[in-house]
Amino acid sequence: MNPAEHCRRARAAARWGLGLLTAFVLHASALAQAAAAGEKSPDKDSDYTWDAAQGEKLQALAAKGDATRGEISFEVCQGCHRRNAQGRPDGSYPRLAGQHRSVLIKQMTDVRAGRRRNDTMLPFVDRHVIGPQDIADIAVYLSELPVGSDNGKGPGRDQAEAEQLYRFQCVECHGEQGQGDAARFYPRVNGQHYRYLRREMIAIRDGARGNADPKMVEIVKPLSDAQLAALADYMSRLPLLAPR
Amino acid sequence: MTALAALVLLPPAASAAEAPEVAKTVCAACHGVDGNSVAPTFPKLAGLQAEYLEKQMREFLTGKRKSEIMDASLPALKSADLPALASYYASQKPAAGSVSDEKLAAAGKAIFDDGNTASGVPACSGCHLAAAQGNERYPRLAGQHATYTVAQVQAFKAGTRSNDKARVMRAVAARMTEEEIAAVAEYIAGL
């Protein structure tokens with residue numbers, strides 16, 4: 001059985017309600033299987049390390065950002081991410097307000113480098129549009145914007161199971177309250193739109209995102225669409241705390 | 001003393017009442033003396049930002065923006081005081097716009113306000129602002145002739161107009177359908 005087939009079966013099994021423990025066991029066996037088959041996740045290809053501060057990411061992280069300049073540079077982004085970077089509840093564009101500066105810088109530089117594949121965004125964040133200083137400015141501006149609890153939420157299904165799953169698998173990096181971890185490039189997930197969270201988790205699971213922590217890719221691999229949806233829903237309902 | 005003399009000798013700051021000579025003798029033929037052109041192929045200039053107007057004139061002169069119609073006026077533009085000309089039109093009162101197809105304009109409003117999330121067209125309001133009034137970085141569009149707006153967006157889409165900031169308008173226009181372009185232009189005309 002090849003790894004892809006294995007994952008399909010693992011997800012199907014999880015969908016049959018075998019529960020958390022089964023999912024975990026399958027996850028461990030998927031890891032072993034993948035290692036045995038010499039499978040490389042896209043994140044492990046070449047010399048890319050998902051959280052390394054190098055190149056222009058390092059430049060932007062080291063630069064002193066200016067929120068006033070950032071607000072002006074962000075004008076180009078407003079057509080999609082909306083004023084005050086609130087994103088859209090339909091999940092087409094994420095909320096960026098209140099996100100960690102480090103995370104925003106990582107995502108912008110990864111999109112520019114083609115590591116996070118995003119053809120929709122690329123022409124607006126490419127090198128002829130902005131440079132590392134602008135990225136630093138935009139990141140500071142966005143990180144200081146207020147976040148409301150008016151983000152898009154899910155249908156509220158399977159929330160007890162989702163909470164268990166979150167506490168078991170996600171909390172170490174994304175935090176008890178979904179506040180993330182700026183120092184380790186883990187995004188804040190509370191206050192984010194449900195549909196966006198769901199879409200991105202599925203993309204990470206299926207290897208379509210490209211710049212995720214490989215540890216997360218392995219964690220979400222055995223999870224079904226329904227489980228990821230419930231998790232996204234749970235995260236979208238986490239109480240809001242100041243991210244900094 | 002020298003500074004004072006210079007102050008006294010300076011012409012009064014861009015007088016809106018007094019149109020620059022070139023505006024009256026050259027530009028007015030197409031754009032109207034007050035910048036409210038009548039023919040829909042010629043853009044209204046009244047109330048457009050001075051930064052934008054000056055940039056366009058300079059780029060017509062360098063060839064970065066091309067227009068056969070403007071070619072005939074370039075010798076006059078070459079010797080004109082471009083900042084004064086730009087601020088003259090910027091200070092003119094834009095005439096009220098009008099819509100001829102309400103249904104089309106309503107479809108255009110949806111694109112203008114929200115974009116098209118399926119095809120990645122950003123909302124026009126992101127840069128040009130909610131009432132298409134623009135700012136010193138993005139030009140006012142409100143009340144512009146639909147014919148002119150359509151021609152420009154099509155030119156960005158085809159790449160024949162390429163003097164947009166950071167290629168952003170070309171990226172946006174490339175994602176727009178002909179129907180969306182017509183609808184947005186119709187909506188803008190009524191603002």
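Biologist: What should I know before I start?

Modeller: Residues count from 1 along each chain as its sequence is written, while chains are lettered from A and ligands numbered from 1 in written order. The model is predicted, with local features needing pLDDT of at least 70, side-chain atom pairs pLDDT 80 or more, and totals for chains, interfaces and linings using all residues.

Biologist: What is the pLDDT of chain A on average?

Modeller: pLDDT is the predictor's confidence in each residue, from 0 to 100. Chain A averages 86, and 80% of its residues score at least 70. Over residues 12-45 of chain A, the pLDDT is below 50.

Biologist: How many helices and strands does chain B have?

Modeller: Both are DSSP runs, numbered from the N terminus: helices are H or I, at least four residues, and strands are E, at least two. Chain B has 11 helices and 0 strands.

Biologist: How many residues of chain B are buried?

Modeller: Buried means 20 or more other C-beta atoms within 10 Å of a residue's own, with C-beta atoms placed from the backbone. In chain B, 37% of the 191 residues are buried.

Biologist: Where does chain B touch chain A?

Modeller: Contact means C-beta atoms, placed from the backbone, within 7 Å. Here 13 residues of chain B contact 13 residues of chain A. Helix 8 (125-128) and helix 10 (168-174) of chain B each give two or more residues to that side.

Biologist: What do chain B's contacts within the chain join?

Modeller: Take contacts between residues at least 6 apart in sequence: 68% join residues at least 24 apart.

Note on methods: A residue is buried if 20 or more other C-beta atoms lie within 10 Å of its own, exposed if 12 or fewer, and partly exposed in between; C-beta atoms are placed from the backbone. Two residues are in contact if their C-beta atoms, placed from the backbone, lie within 7 Å.
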